[in-house]
Amino acid sequence: MHEQITLTVNGETHTLTVPVHRTLLEVLREQLMLTGTKHGCELGECGACTVLIDGVPTLACLTLPIEVQGRAITTIEGLERDGQLHPLQITFAELGAAQCGYCTPGVLISGAALLAHDPHPALETIKAALAGNLCRCTGYTKIYEAVQAASERSLEA
Ligand code: FES
Ligand code: FES
């Protein structure tokens, strides 16, 4: 069984025919070819599939597309603005906060949502905001440092 839906992703509107059981994660990756959003546990535990729905970090593996019609969906591909990388993307690269990179899109999305609401968060706030994004590689210290550096960068800008 299929349904027709309209999604707004990274500012673009798409009308799609999707199987009713297909998750937002599958639609983003397999129908819109936005493969920056990663396919991890599919159980809501790893955060690799995090996207923004109206600015709020949301697990795409637990979301049905029909639930988010008419909402603004932002994936990692939509994080840059006017050809400029988000400050987090720059500091993650500069500070080596990504290793294998599999968790990185989800971490960046969660971090961007945090900085949008709290431009200069305390370390404990950063840890809490990223608690749902698991990383097997970095030990998290570099990730936290990169978020702090991005907040300082925003302050200078
Ligand atoms: S793939 Fe969605 S939380 Fe792991
Ligand atoms: S950089 Fe490899 S899982 Fe985070």
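The protein chain folds into 5 helices and 5 strands. Helices here are DSSP runs of H or I with at least four residues, strands are runs of E with at least two, and both are numbered from the N terminus. This is a predicted model, in which local features need pLDDT of at least 70, side-chain atom pairs count only at pLDDT 80 or more, and totals for chains, interfaces and linings use all residues. Residues are numbered from 1 along each chain as its sequence is written, while chains are lettered from A and ligands numbered from 1 in the order in which they are written.

Let us walk along the chain. Starting at the N terminus, the order of the elements is β-β-α-β-β-β-α-α-α-α. The C-alpha trace spans about 50 × 30 × 20 Å along its principal axes. For 157 residues, a compact globule would have a radius of gyration near 15 Å, and the protein chain agrees with that because its own value is 15 Å. That radius is taken over C-alpha atoms, and the globule rule is 2.2 Å times the number of residues to the power 0.38.

β1 (2-9) and β2 (residues 12-19) run antiparallel to each other, with 8 bridges between them. Two strands count as paired if DSSP finds at least two bridges between them. You can follow this pairing residue by residue: His-2 has Pro-19 as its bridge partner in β2, and Thr-6 stands opposite Thr-15. The hairpin has 2 residues between its strands, and in this hairpin Asn-10 takes a positive phi near 50 degrees.

Most residues other than glycine have a negative phi. Where else does a residue other than glycine show a positive phi near 60 degrees? Glu-42 does, and it sits in the loop between α1 (24-31) and β3 (50-53). Glu-42 is partly exposed because 16 other C-beta atoms lie within 10 Å. The cut-offs are these: a residue is buried if 20 or more other C-beta atoms lie within 10 Å of its own, exposed if 12 or fewer, and partly exposed in between, with C-beta atoms placed from the backbone. Asp-82 has a positive phi as well, near 50 degrees, and is found in the loop between β5 (72-74) and α2 (87-95). With 4 other C-beta atoms within 10 Å, Asp-82 is exposed. Just after α2, Gly-96 takes a positive phi of about 65 degrees.

The loop between α1 and β3 also holds Glu-45. Glu-45 counts as exposed because it has 12 C-beta neighbours inside 10 Å. Along the sequence, Glu-45 and Tyr-102 are 57 residues apart, yet from C-alpha to C-alpha they are 14 Å apart in space.

Next, look inside. Buried residues make up 39% of the 157 residues. In α2, the buried residues are Pro-87, Leu-88, Gln-89, Thr-91 and Phe-92. In soluble globular proteins, nonpolar side chains tend to be buried together. A nonpolar core is a set of buried Ala, Val, Leu, Ile, Met, Phe, Trp, Tyr and Cys residues joined through C-beta atoms within 7 Å. Which residues of the largest nonpolar core touch the most other members? Of its 38 residues, they are Ala-60, Leu-88, Leu-108, Ile-143 and Ala-146. Two or more residues of this core come from each of β1, α1, β3, α2, α3 (104-117), α4 (123-129) and α5 (141-156). α3 gives the largest share, 6 residues. Ala-60 is in contact with Thr-23, Leu-24, Leu-25, Leu-28, Thr-37, Cys-49 and Val-51, leaving aside its neighbours within four places in sequence. Contact means that the C-beta atoms, placed from the backbone, lie within 7 Å. Among contacts between residues at least 6 apart in sequence, 58% join residues at least 24 apart.

Finally, the chain is divided into domain 1 (2-77) and domain 2 (87-156), with bounds from an automatic or database domain assignment. Their C-alpha centres lie 22 Å apart. Where they meet, 14 residues of domain 1 are in contact with 12 residues of domain 2. On the domain 1 side, β3 and β4 (56-59) each supply at least two residues, and β3 gives the most, with 3.

How values were computed: Two residues are in contact if their C-beta atoms, placed from the backbone, lie within 7 Å.
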